[in-house]
Amino acid sequence: MAGTGGGRPSIFPTLLYADAKAAIKQLTEAFGFTELSVYEGEDGSVLHAELVQGNGAVMLGSKGRGGAFDTAMTNAGSAGVYVVVDDADAHHQRAVDHGAEILMPPTDQDYGSRDYMARDTEGNIWSFGTYAPEIGA
């Protein structure tokens with residue numbers, strides 16, 4: 001199966017933001033993502049960015065740049081993304097310290113996870129927790 005070897009994720013949530021630079025700032029500062037790459041257009045828009053967390057990544061860019069994906073996303077709903085973290089409480093505190101809007105504090109779930117939920121600067125829902133199911137080969 002493609003994407004199962006070499007340390008490369010096979011799924012990348014992809015989001016578009018009206019202010020992609022503000023989203024990158026929040027995702028790195030409040031939610032602990034690491035900036036892998038950011039490509040900007042001459043007008044300062046974010047053409048493409050990749051942010052990593054653990055062995056996963058998200059891709060994002062600025063809305064209104066044109067192209068097939070931008071057009072398809074014009075009236076799409078907001079996204080929800082789940083990110084596995086080692087310590088949901090410490091991660092939550094970092095998000096709080098950076099002013100993130102918390103929708104649910106760290107909570108023990110019936111399925112064994114401890115997670116919390118936050119909203120990003122443009123309404124997307126991010127869940128961070130310890131649930132990491134094994135995916136067979």
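Helix α1 (residues 20-29) lies across β1, β2, β3 and β4, where contact means heavy atoms within 4.5 Å. The helix runs at about 10 degrees to β3. Axes here are lines fitted to C-alpha atoms, for helices over the stretch in contact, and angles run from 0 to 180 degrees between N-to-C directions. Helices (H or I, at least four residues) and strands (E, at least two) are DSSP runs, numbered from the N terminus. The model is predicted: local features need pLDDT of at least 70, side-chain atom pairs count only at pLDDT 80 or more, and totals for chains, interfaces and linings use all residues. Residues are numbered from 1 along each chain as its sequence is written, and side-chain values use heavy atoms, with hydrogens and water left out.

Now the sheet under that helix label set. β1, β4, β3 and β2 follow one another in this order in an open sheet of 4 strands with mixed pairing. Two strands pair if DSSP finds at least two bridges between them. β1 (14-17) and β2 (34-40) each have a single partner strand, so one side of each lacks a neighbour in the sheet. On average, neighbouring strands of this sheet are turned by 20 degrees against each other, direction ignored.

Take β4 next. β1 and β4 are parallel, with 4 bridges. Leu-15 has Leu-60 of β4 as its bridge partner. On the β3 side the sense is antiparallel: 5 bridges join β3 (residues 46-53) to β4 (residues 56-62). Gln-53 stands opposite Gly-56 in β4. The β3 and β4 hairpin has 2 residues between the strands, and Gly-54 takes a positive phi near 60 degrees. Of the 7 residues of β4, 5 are buried, so the strand is largely enclosed by the rest of the structure. Buried means under 20% relative accessible area, exposed over 50%, partly exposed in between (1.4 Å probe, protein chains only).

A further open sheet of 4 strands has the order β5-β8-β7-β6, again with mixed pairing. Its edge strands are β5 and β6 (101-108), and each pairs on one side only. Neighbouring strands of this sheet are turned by 15 degrees against each other on average, direction ignored.

Strand β8 (residues 125-129) has two partners to follow. With β5 (residues 80-84), β8 pairs in the parallel sense over 5 bridges. With β7 (residues 114-119), β8 pairs in the antiparallel sense, over 5 bridges. β7 and β8 form a hairpin with 5 residues between them. In its turn, Gly-123 has a positive phi of about 95 degrees. β8 is mostly covered, with 4 of its 5 residues buried.

Last, a pocket. On a 1 Å grid over the protein atoms alone, a pocket is an open set of points with protein on both sides within 12 Å along at least five of seven lines, and lining residues have an atom within 4 Å of a point. The second largest pocket has a volume of about 160 Å³. Grid points are joined across faces, edges and corners, and the volume is the space filled by probe spheres set on the points. Its lining includes Leu-15, Leu-16, Lys-63, Met-73, Glu-122 and Asn-124. By class, the lining has 5 nonpolar, 4 polar and 2 charged residues.

Notes
1 Å grid on protein atoms, 1.4 Å probe; cavity = no way out; pocket = protein on both sides within 12 Å on 5 of 7 lines; lining within 4 Å. Nonpolar A, V, L, I, M, F, W, Y, C, P; charged D, E, K, R; others polar.
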